[in-house]
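This report is for a reader meeting the structure for the first time. Please look at the sequence and the model below before reading on.

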Amino acid sequence: MTRFTAILRKEFLLLFRDLHGLLLMFAMPVVFIVVMSLAMQQNFAALGGAKLEVLVHDKAANQDSAQFTEALAASGAFGFSYPASDETIELLAEQVRTDQASFLVEIDPLSEADEAGNTLAVRLTIAPGVNKQTEVIVVAAVEELLRGLKVQKMLADLEDSGMGGGESVEELAAVELQVDYAYQGNTEAAPTAVQQNVPAWLVFAMFFVVVPLSNTLIRERQFGTLRRLRTIAVAPGLLVLGKLLPYFVIMLMQVVCMLAVGVFLIPLLGGDRLELGASWSALTMIAAAVSIAALGYAVFIAAVARTTEQATMLGGAGNIILAALGGIMVPSFLMPETMQQLGQLSPMSWGLQGFLDVLLRNGGLALVWPKALALTVFGLALTAMSLTVMKRSAQA
Amino acid sequence: MKSPANASGPEPLAVSVRGLSYQYPHAAEPALNKIDLQIRKGDCFGLLGPNGAGKTTLLSILTGMLAAQHGEVRIAGHGLGRSAEIKKRCAIVPQDLAFYPGLTGRENLEFFAGLYGLRAMDRKRQMAESTDICGLREVLDKRAETYSGGLKRRLNLAIGLLNGPEILYLDEPTVGIDAQSRSFILEAIRSLKAGGMTVVYTSHYMEEVQAVCDQLAIVDNGRIVLESSLAELLDQQQKVFDLTLSQEPEESQLSQLADLGESEVHGRHLKIYLNSSPASLDSLIERIRSAGLEPRQIQYGMNRLEDIYLSITKRELRD
């Protein structure tokens, strides 16, 4: 057994016997990924094609109202529910108020067209659970449909009066917009919750290596083991490498495990399957880079904390702040611009974007390497700085 | 009191220190101030001193953990510049239980043996030897965190023996253990010394130092304030006549003994610091009886190291 294998063996034994550390690194992200992916499935599905539940109460029941509801249905964004005729408007309003339906559309007839030429009075009631973005989109869509109907009616009137240009109303009103999803090179599929959540919570969990690693380093310092190791003729670099390499390996196993959760476990639970992208090399590169950054962060916390309790608190709280800034907990696009810029400072943001490059954007090495480089430099610089601090404090 | 034997004795030196000084960054005073020290090969050398006296700093320099700032240090004939060579020949058993509680005794020994770079055969032999000396065979496959305090101390010692060191530094190796374990460890140290190993022993338990050491030095405020052979030290210091009497002595009885030397009384316990050596022990006992006192138990002929230590380092608290 060489010196290096002795160090590796010791470190692996300690790591595999640290049940709490393993639970933190493996069980926590599995729970996060499963819960968040399944919980947010509807949110992502709404953006990716599932329909918003709309109750339609058509009191007009005439040609115009039929045309309006047909147009709503044709937009593909709404799932309609036409309540039984004996259901009162109060009952329908209650369903919306309690979020059993997202929207209620009441269509009332106008005896004659109003000044603006409208023949229908449409009222839209929005459920309290509907987010602002969806509300804005739905309101705009309904207004656009009403406007379209009005234009069609005007064109029909023109045609009837013989002033048309020979084209039918349908041909005049027709517009064509091609919608593509810039997702994995597949223009017809939208990203799913699992595609967003697996990389986010994976990066978050990888940084939690701070707890077991900083605790073992601090314990070595507290127990005097580090002092003893320094009296043995072993190169300090070998000790550091032997200490960090097993954690690096465990973190790569963590990546494989979490991706497997996305690919195999989530579909079993009724969620979408994680698509891994095309570039294994880019995936490996970003996984290794996040590992190096997280290890550097862990060594830094071990250097500045005096006790394991301090390290656990500092490391855990630091992780949550880095995650909040880095778009792990709240997607960056929901943040104000200043916060988005601040978020760029979080290594978790670099890691997350690197994983998303591969898993969402179908990127390869060329897209990933700048983030991987930044993470690696961050990790190595923190490690070097921390080791200097530790060496100085050992001699003070 | 300097031991003249050290300066001119024929025995080769295990450790030689001349003019060693060390000051920590931001410290007002040096931790070590022009220390001179010589330790002969095969001796058990006691290094005593109050907390903060400089013992740990001295051990840290001798074991290569700290670099000397001023002065010359030679370990087993090598200057500190050859730290790798020195580290091969030395080992320290720290005061802390410096091993991994989550590993078994065997796994701890295998790890440290691996770090020493021992080949398979040597590793096996050294592990067996260390295990036997420290009486660990029965518990080798249990996790160290389940060991008793005494077993942990013995594992701590066993790890220090793995590289078969020429010089073994023991930093308070018996702190917090029961009498049986302490006795076992002291016996192990005696057997190591008998095998030719040089042992540098620091402890606050004076009776332990008295039991195992040949030479000793007392460090205080970063200086060596005394260096001597233990026998010489105990012999040359003022003799103490220690008695337990049948009854508490009265003032008038004590005044009859005033010419013998200063005395201390604690109940039936009488301690006389003799001004001069008596002609014989019988004559001394006769003087006590003539003062109307009846001794039940007497102790004479050797000083207690603790008394000497306290007289040199004074009794004021240090921390």
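## A salt bridge within a helix

A:Glu144 and A:Arg147 lie three residues apart in helix H6 of chain A (residues 132–160), so about one helical turn separates them. The model is a predicted one, and in it these two residues form a salt bridge whose closest N and O atoms are 2.9 Å apart. Side chains of opposite charge can pair when their charged atoms come close. Over all chains, a search of the whole structure finds 27 salt bridges.

## The contact between chains A and B

How many residues does each chain bring to the contact? Chain B gives 36 residues and chain A gives 26 residues. The size of an interface is often given as the accessible area lost when the parts come together. Between chain B and chain A the buried area is about 2,800 Å², with 59% of it from carbon and sulfur atoms. Of the area that chain B buries against chain A, 25% is supplied by B:Met65, B:Tyr100 and B:Leu115, more than any other three residues.

Two salt bridges are counted between chain B and chain A. A:Arg9 forms a salt bridge with B:Glu110, and the closest N and O atoms of this pair are 3.0 Å apart.

## The side of chain B that touches chain A

Which elements of chain B give two or more residues to the side that touches chain A? They are helix H2 (55–62), helix H3 (83–89), strand S6 (90–93), helix H4 (105–115) and helix H6 (149–161) of chain B. The largest share, six residues, comes from H4(B). By residue class, this side of chain B divides into 20 nonpolar, nine polar and seven charged residues.

## The six-stranded sheet of chain B

Strands of a sheet pair through backbone hydrogen bonds, either parallel or antiparallel. In chain B, six strands form an open sheet with mixed pairing, in the order S6-S7-S8-S3-S9-S10. S6 and strand S10 (223–229) of chain B each have a single partner strand, so one side of each is left without a neighbour in the sheet. From one strand to the next, the twist averages 15°.

S6(B) and strand S7 of chain B (residues 167–171) run parallel and are joined by four bridges. B:Val93 has B:Leu170 in S7(B) as its bridge partner.

## The four-stranded sheet of chain B

Another open sheet of chain B has four strands in the order S12-S13-S11-S14, with antiparallel pairing. Its edge strands, strand S12 (261–266) and strand S14 (295–299) of chain B, each pair on one side only. Here the twist averages 20° from one strand to the next.

S12(B) pairs with strand S13 of chain B (residues 269–274) in the antiparallel sense over six bridges. B:Glu262 stands opposite B:Tyr273 in S13(B). Helix H11 of chain B (residues 281–290) packs on this sheet and touches strand S11 (240–245), S13 and S14 of chain B. The direction of helix H11 of chain B makes about 45° with that of S11(B).

Notes. Residues numbered from 1 in each chain as written. Chains lettered and ligands numbered in written order. Predicted model: local features only at pLDDT ≥ 70, side-chain atom pairs only at ≥ 80, totals over all residues. Heavy atoms only, no water. Contact = heavy atoms within 4.5 Å. Buried area = accessible area lost by both parts, 1.4 Å probe. Salt bridge = Lys/Arg side-chain N within 4 Å of Asp/Glu carboxyl O. Nonpolar A, V, L, I, M, F, W, Y, C, P; charged D, E, K, R; others polar. Pairing = 2+ DSSP bridges. Axes fitted to C-alpha atoms, helices over the stretch in contact; angles between N-to-C directions.
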